[in-house]
Amino acid sequence: MLSNIFLLKGKNFHDLNSLDIFSYPDDILKNGNRDFVRKVIFGHDHGVIVENYRTGNDSSNLKEKHELNQFALDCPVPQVIDGLNVYTSCINSKMIIGLIFDKDDNPYDYKEIFEDLLNEMLNNERCCKFEDEIETENFLITLFIDIRRYGDEFVENTSEISFKPTGIFIKVFLFGIDDVGKTSFARRIKTGEFINNSFTPTRKFNIEYIQKQNGYLAVWDMPGQRAFREKWFKGIQDTNIIIYMIDVANQLRFEESKRELWNFINKHDSSGIPLIILGNKTDLIKKPEEQDNTLIRTKQEIMDFFELDRINDRDYFFFFTSVKTNYNMNEVMNTLFNMV
Ligand SMILES: Nc1nc2c(ncn2[C@@H]2O[C@H](COP(=O)(O)OP(=O)(O)OP(=O)(O)O)[C@@H](O)[C@H]2O)c(=O)[nH]1
Ligand SMILES: [Mg+2]
């Protein structure tokens, strides 16, 4: 399975100190690991020389591409570096883009998809010029997701013997503004654990694979902080169920949360994909016997505030939950499997 993707802007040994390095999802290359980078560059160049020698290629392809104002791509080169299974290609003889796979994977399984996607993203959609950081990061995330999905659907399914998912496969797209409890929810259904006051906002797509009795879930847990919200929908392709999470104890952010939900429904064509809305952290609002009208929000009040009855392009359910106390978690899971 693909575990990481990286891009080295530049590829000369003499400017190793100033190379721009992007990697996703882990920052494995960031800790001044120049030796690794040096080996990547050396391995790539060496591999390309061998490949060109074998096929008799020269640089005319590159020249032609430049004339057409297109990106020229090298044939990907497999390398094993410090025990990592690395597969690199070079863009315009200037930048190296690399994939890191698990030890037992065969990079050649990914040759075609890697080349096709690079070509499509660089030369047809012409979507990335690598001019700013966000553009570059988005490019890497999109590529990562597409190759990973390909791996899940086509490569792993045919070659994996030791682990066979059972039951139906469901991709769950879990989103909502920050701090509502999404990652806690994903962790709870995966491990049964809850970590109180874990103050680690999600920064990258967190994908959890979870085998349940009724089927196999891939939960795509999105980072909720504002800066990441525009990347949310890069992860929505092929989703079977959408979960939108609200923090019912934080009324100050209801307006913002409602805006994001409706922004999604109106702007993103996902009609027909069932939606589960979770009002989480119910343990923090007071119990009925301690009634306090400013805090208690009944289901109807929340449905009214968020105008949920205006949702008419798909099936939806609303649940109060507490990931902390496990309240309603089983009901949510049952509904999820029943809805697909
Ligand atoms: N009391 C209470 N706290 C919760 C509950 N669910 C999550 N939390 C806490 O809420 C905080 C945020 O939880 P996360 O799961 O990181 O929230 P998130 O939605 O993933 O946040 P981002 O990754 O920033 O989008 C943590 O301190 C959790 O312990 C709950 O049901 N009740
Ligand atoms: Mg999170």
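D238 lies in the loop between β8 and β9, where helices (H or I, at least four residues) and strands (E, at least two) are DSSP runs numbered from the N terminus. The model is predicted, and local features therefore need pLDDT of at least 70, side-chain atom pairs count only at pLDDT 80 or more, and totals for chains, interfaces and linings use all residues. Residues are numbered from 1 along each chain as its sequence is written, while chains are lettered from A and ligands numbered from 1 in the order in which they are written.

The phi angle of D238 is near 65 degrees, a positive value in a residue other than glycine. A residue is termed buried if 20 or more other C-beta atoms, placed from the backbone, lie within 10 Å of its own, exposed if 12 or fewer, and partly exposed in between. Because D238 has 13 C-beta neighbours inside 10 Å, D238 counts as partly exposed. A positive phi, of about 50 degrees, is also found in E307, which is not a glycine. E307 belongs to the loop between α7 (299-305) and β11 (316-320), and is exposed because 11 other C-beta atoms lie within 10 Å. The peptide bond from Y24 to P25 is cis, with omega near 0 degrees; P25 is placed in the loop between β2 (20-24) and α1 (34-55). Most residues other than glycine have a negative phi, and most peptide bonds are trans.

Strand β9 is mostly covered, with seven of its seven residues buried. I241, I243, M245 and D247 point one way from the strand, and I242, Y244 and I246 point the other way. β9 runs parallel to β6, to which four bridges join it; the partner of F173 in β9 is I242. Six bridges join β9 to β10, and these strands also run parallel, with I246 opposite G279 in β10. Strands are taken to pair if DSSP finds at least two bridges between them. Together, β9, α6 and β10 make a right-handed β-α-β unit, that is, with the strands pointing away from the viewer, the path from the first strand over the helix to the second runs clockwise.

The largest nonpolar core has 33 residues, and V172, L174, I243, Y244 and M245 have the most contacts inside it. Such a core is a set of buried Ala, Val, Leu, Ile, Met, Phe, Trp, Tyr and Cys residues joined through C-beta atoms within 7 Å. At least two residues of this core are supplied by each of β6 (168-175), α5 (182-191), β8 (215-221), β9 (241-247), α6 (254-267) and β10 (275-280). The most, six residues, come from β9. Apart from this core lies another, of 25 residues, among them I5, F22, F144 and I147.

S89 is placed in strand β4 (residues 84-91) and is buried because 20 other C-beta atoms lie within 10 Å. Leaving aside neighbours within four places in sequence, S89 is in contact (C-beta atoms, placed from the backbone, within 7 Å) with L73, D74, P76, I97, F114 and L118. S89 and H44 are 45 residues apart in sequence and 7.4 Å apart in space, C-alpha to C-alpha.

Of the 24 residues around ligand 1, those that come nearest are G181, S184, P201, T202 and G224; a residue is near if its C-beta atom, placed from the backbone, lies within 6 Å of the molecule. Helix α5 provides the largest share of this shell, three residues.

Key:
Two residues are in contact if their C-beta atoms, placed from the backbone, lie within 7 Å.
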